[in-house]
Amino acid sequence: MAWTLAEIASKIGAELIGDANKVITGVGTLQNATADDISFLANSKYRHYLKETAAGCVIVSPADAAEVSTNALVIADTYVAYAKTASLLYPEERTDIGIHPTAVIGTDTVIADSAKIAAQVVIGTNVSIGENVDIGPGCIIENGVAIGADSRLMANVTLCRKVRIGNRVRIHPGVVIGADGFGIANDKGHWLKIPQVGSVVIGDDVEIGANTTIDRGAIDDTIIGNGVKLDNQIQIGHNCTVGEHTVIAGCVGIAGSTHIGANCAIGGGTGIAGHIEIADGVQLTGMSMVTKSITAAGTYSSGIPIEPTREWHRNVIRYRQLDKLHDKVKQLESRLK
Amino acid sequence: MAWTLAEIASKIGAELIGDANKVITGVGTLQNATADDISFLANSKYRHYLKETAAGCVIVSPADAAEVSTNALVIADTYVAYAKTASLLYPEERTDIGIHPTAVIGTDTVIADSAKIAAQVVIGTNVSIGENVDIGPGCIIENGVAIGADSRLMANVTLCRKVRIGNRVRIHPGVVIGADGFGIANDKGHWLKIPQVGSVVIGDDVEIGANTTIDRGAIDDTIIGNGVKLDNQIQIGHNCTVGEHTVIAGCVGIAGSTHIGANCAIGGGTGIAGHIEIADGVQLTGMSMVTKSITAAGTYSSGIPIEPTREWHRNVIRYRQLDKLHDKVKQLESRLK
Amino acid sequence: MAWTLAEIASKIGAELIGDANKVITGVGTLQNATADDISFLANSKYRHYLKETAAGCVIVSPADAAEVSTNALVIADTYVAYAKTASLLYPEERTDIGIHPTAVIGTDTVIADSAKIAAQVVIGTNVSIGENVDIGPGCIIENGVAIGADSRLMANVTLCRKVRIGNRVRIHPGVVIGADGFGIANDKGHWLKIPQVGSVVIGDDVEIGANTTIDRGAIDDTIIGNGVKLDNQIQIGHNCTVGEHTVIAGCVGIAGSTHIGANCAIGGGTGIAGHIEIADGVQLTGMSMVTKSITAAGTYSSGIPIEPTREWHRNVIRYRQLDKLHDKVKQLESRLK
C-alpha cells in the first residue's frame, strides 16, 4: 500500500512537518529505513539515529521533533501512532475466499459465504463459522465449535469440541484450545481420569501466540476475556479466567482454577499456582513465582538473576546457611545485652 | 446419559440418602449445578455451598452428610466417587468407525476393523493399530509405529518412526513423540549430529497433555511407565524413564537420561537436570530446580515467591552480599570472644 | 548398513586394535550392545563396563584402550568418533521422492525434482524448495517461503510467509517459524496490534527441536546463524539474533530484540530478557535468569536448587528478612565499636 504523509497524518491525528505529498510505502527502523519508509522513535536509546536516518519520515514526540532531519509526524504517543501507520501500510490480506476442495466439512455446519477454509482443514459437525473468518491450512475444528466474525486461525490450529471463539480473534499456528484439563483422582495408587465436560470461551479481540495451550474446564468453562493478548507457548489450565485487556508474555504457565484480573501484565516465564486470585492491574516481572493470591494492584517480582558460576555456588551455600546465620546474629545480640 | 441415583450409588459404592429414582443427566459445581446435575464436595473451602446448592444430588463424605439439603451420595473418597460418576454420565463417544477417504495409509500397515482413522491422517508403512483405537484428524504416524488397543490420539498428534504406544493411552493435540533427542558432539567448533536410533515406549493407561514432547532415545529407548499422567507442554529428553503412576504437571522440562521413580508428583514448571535419578515417591512443588539425584521419598521445593518489586530489588542486593555478611558475623563472633 | 571395522577405522581416522574384517551393523550402549554392535566410552562413569561389554567393538581413548576386552577403535575424541560412526551405520533414508498426490501446491512455486513433498502438505505461492529437500507429512509452507538444499521438515511443521531456511537444516515436528511477534501498543487501555512485517532467516546446518517457536521480526528479520542447534519447546521472540554454532537446550525463552553471541551454550529452562546482548562464548547453566546484557565470555548461573520442603519454607522466610538481618549486623558492629 502507498499513502502520502498528508493522508497518514490525517488518519493517525499527527502534525506533519515537511512534504505533505511525500509517498510512503513501507516501514523501517531508524537504522535501516529507506527513503520510501516511515520510521518512529519510541525508545530514547535510539534518539541519536534521528539525525542520520534515511527514512522518508519519522514519527516523533513533540520533544524530539527538532532533532529530525527528514519529514516528521509529531504526536504524543509515537508507538500507538506507529501501530496505526503500519496497519495502514500493511493491511491484512484475504485471498481465496471459499472452501478449498481438500477441506473436510461435517454435517450441520454453517460457514459464512465470506469465510475462507484453506486446504487440508477438517471441520466437524454443528460448527458455526462467522463472516470473514479465515481458517488457515491444516486447522482442525471439532464438533460444536463456534467462531465469531473476522477471526483468523493461521495454520495447524486445533480447536476441540464446543470451544467458542469471539470476533476479531487471531490464533497463531500450533495453538490448542480445549484439550482436556489435567484432572485426575488417585484411587488406591492408580489415577482415575476426571471427564472434562466444561469448554473454553475466548472473548473478542483476543490474540493467541504460537503453540499456546488453553485447557477446557472440568465442569464450568475456562474463560479468556475481551482484548486479552497471549504470547507463544503459554499454558493456561482448566477453569482459569483471564480478565479483559490482560497481556501475558511467552512461556507463562498458569495452573487450574486461577483467576487473573483485568489489565494485568505478566512477564515471560512466570509460573502461577492453581486456585488463586490475581487482582486487576497486577504487573509481574519475568520469571516470577506466584504461589498465593495477589490482592492489590502493583508490580511484583521474584527470582535472582545470574552471577558468575563460582559466585553463584558460594551464595547458594550461604543461602542454605541462612537459618544458622540468623541464629548466630541473635546470639550475638543477646550476648551484647 | 441418564442414571438414577440408585444406579449411581450402586456403581460407585456409595450410600444414598434421598430419592432413589431421581434421574441425573449431568454434573455441575455446587454453585452452578441445576436440578438434573450431580455435584460433589472435595475441598472444604466450598462447604458453605452445601446448604444452598440447587444440585439434584451431592457426593459428600460422611462428616458432611448432615449439611446437605438435597439428595446425597455418601462415601469416604468423594473425588474418586465424582470421577466415576462423571465417567458414567459422560462416556467417551466413538463415531465414524473406519478409515476416512482422505486418510493416507502406507503399505504393510495393519489397522483393526474397530479402529477409526479420521480425515487428513497420514499413516506410514509397517504400522500396527489395535482394536478400538481412535486416530483423530491431522495425526501423522510414521513408519513402524505400534498403537495398542483402546488408545486415542485426539488431533494433530505426531508419532515418529517406530514409537510404541500401549493400551488405553490418550494423547492430546499437538503432542510429538519420538522426535530426535538433542544429541550433538562438538568437532572443532562445529556441532555434529548424533543419530538418535532408540525409540520411545509408552506404557498402558498413560495420558499425555497438549503440545508435550517426548524425544526418542539416542541408543536405547525413552520409556514412560504404565499409568503415568503428563500435563501440557512438558519436555522429556532422550533416554529418560518415568516410573509407573507418576504424575507431571504442565511446563516441566526433564533433560536427557534422567530416571524418575514411580508414584512421584512433579509440580508445574519444574526443571530437572540430565543424568540423575529421582527416587520413588518424590513430590516436587511447582517451579522446583533439581540439579542432583534425589535418593529418598519426600517433598522437596525451591524458588522464592514474589514480593513487591521494590523489596525484591533490595533483597536481591542483600543476597549478593550474603558472603560478606557471613564474614562480618564471623568477625563479630571472634571479637566477642 | 554394514561396515567392517577396517572401513570404520579408515572413515573416522581411528587406530584399530583387533579384527579388521569384523562386520558391524549397529550401535549399542556398553551395557546392552550385542556382538554386531559398536559401542563407545565418553563418560568415565561407565568405564567399568569396558571389561564385560558384549559389543563387537568399542571406541575408546588411548588411555582406556588397555581395558577393552573386545575389538577397539582408539581415538582421542571418542564422542565425535561415535557421532561419525553412527552416521555411517544409520544414514538418513530418503524414500518416495516427488510430490504426493494429496499435497496442495500453490502457483509460481518451484520444487526441485529431487525433493520430496509428503502427503497432506500445503505449500503456498511463490515458494522455492531446493534439491533433496524432504517436506514431511502435514507441513504447512506459506507464500514466499524459500528452503535451501538438503533440508528436512519432519512433519506438522509450519513455516509462515516469506521465511527463509538455509541448506541442510533439520526441523522437527510441531515447530512454528515466522508467527507474528508479540508486538502491541496500549491505546488508552486497549491493545493495538503492531503489524509484524519482518521475517525469519535460518542459516545453514541449523537443527530445530520439536514444538519450538521462532517469531518473525517486527520490522527487520529474526536471524538464526549457521550451525545453531535448538532443542525442543524453545521460544525465540521477534528480532532476536542467535550467533553461529550456539546451542540452546529445551524450554528456553528469549524475549524480543535480544542478541545472543556465537558459540554460546544455554542451559534448559533459562529465561532471557528482551533488548539485551549476550557476548560470544557465554555459557548459562540450566534455569538461569538473565535480565541484563552479559559482556564477557564465561559461565553464569542462577537459581537455588531444591531442599526438603520444610527447610525451604524456613529459608524463604529468612530470605525475606535479609534486609533486617543486614541492619542488625550493622548495629552490632557499631555497638562493638
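A:Pro308 stands opposite C:Tyr300, a residue of β39(C). The strands involved, β40 of chain A (residues 307-308) and β39(C), pair in the antiparallel sense over two bridges. The model is predicted, with an ipTM of 0.97 and a pTM of 0.97.

- β39(B) pairs with strand β40 of chain C (residues 307-308) in the antiparallel sense, over two bridges.
- Within β40(C), C:Pro308 is the residue that stands opposite B:Tyr300.

**Interface of chain C with chain A**
- Contacts here link 57 residues of chain C to 59 residues of chain A.
- On the chain C side, the elements that supply at least two residues each include the strands β21 (176-179), β22 (184-187), β23 (190-193) and β39 (298-301), along with the helices α3 (309-320) and α4 (322-336).
- α4(C) gives five residues, the largest share of the side of chain C that touches chain A.
- That side of chain C is made up of 25 nonpolar, 22 polar and 10 charged residues.

**Interface of chain B with chain C**
- In this interface 56 residues of chain B are in contact with 58 residues of chain C.
- Elements of chain B that give two or more residues to the side touching chain C include β26 (213-215), β38 (289-290), β39 (298-301), α3 (309-320) and α4 (322-336).
- The largest share of this side of chain B comes from α4(B), with five residues.
- By class, the side of chain B that touches chain C has 25 nonpolar, 22 polar and nine charged residues.

**Chain A**
- Chain A has four helices and 40 strands.
- Its radius of gyration is 26 Å, well over the 20 Å that the globule rule gives for 337 residues, so chain A is more spread out than a compact globule.
- The C-alpha trace of chain A spans about 80 × 65 × 35 Å along its principal axes.
- Of its 337 residues, 55% count as buried.
- Contacts between residues at least 24 apart in sequence make up 20% of those in chain A between residues at least 6 apart.
- The average pLDDT of chain A is 97, and 100% of the residues score at least 70.

**Nonpolar core**
- The largest nonpolar core has 224 residues.
- Those with the most contacts inside this core are A:Val121, A:Ile177, B:Ile177 and C:Ile177.
- Apart from its neighbours within four places in sequence, A:Val121 is in contact with A:Ala103, A:Ile135, A:Pro137, A:Gly138 and A:Cys139.

Methods:
Residues numbered from 1 in each chain as written. Chains lettered and ligands numbered in written order. Predicted model: local features only at pLDDT ≥ 70, side-chain atom pairs only at ≥ 80, totals over all residues. Core = buried A, V, L, I, M, F, W, Y, C linked by C-beta atoms within 7 Å. Buried ≥ 20, exposed ≤ 12 C-beta atoms within 10 Å, placed from the backbone. Contact = placed C-beta atoms within 7 Å. Rg over C-alpha atoms; globule rule 2.2 N^0.38 Å. pLDDT = per-residue confidence, 0-100. Nonpolar A, V, L, I, M, F, W, Y, C, P; charged D, E, K, R; others polar. Pairing = 2+ DSSP bridges.
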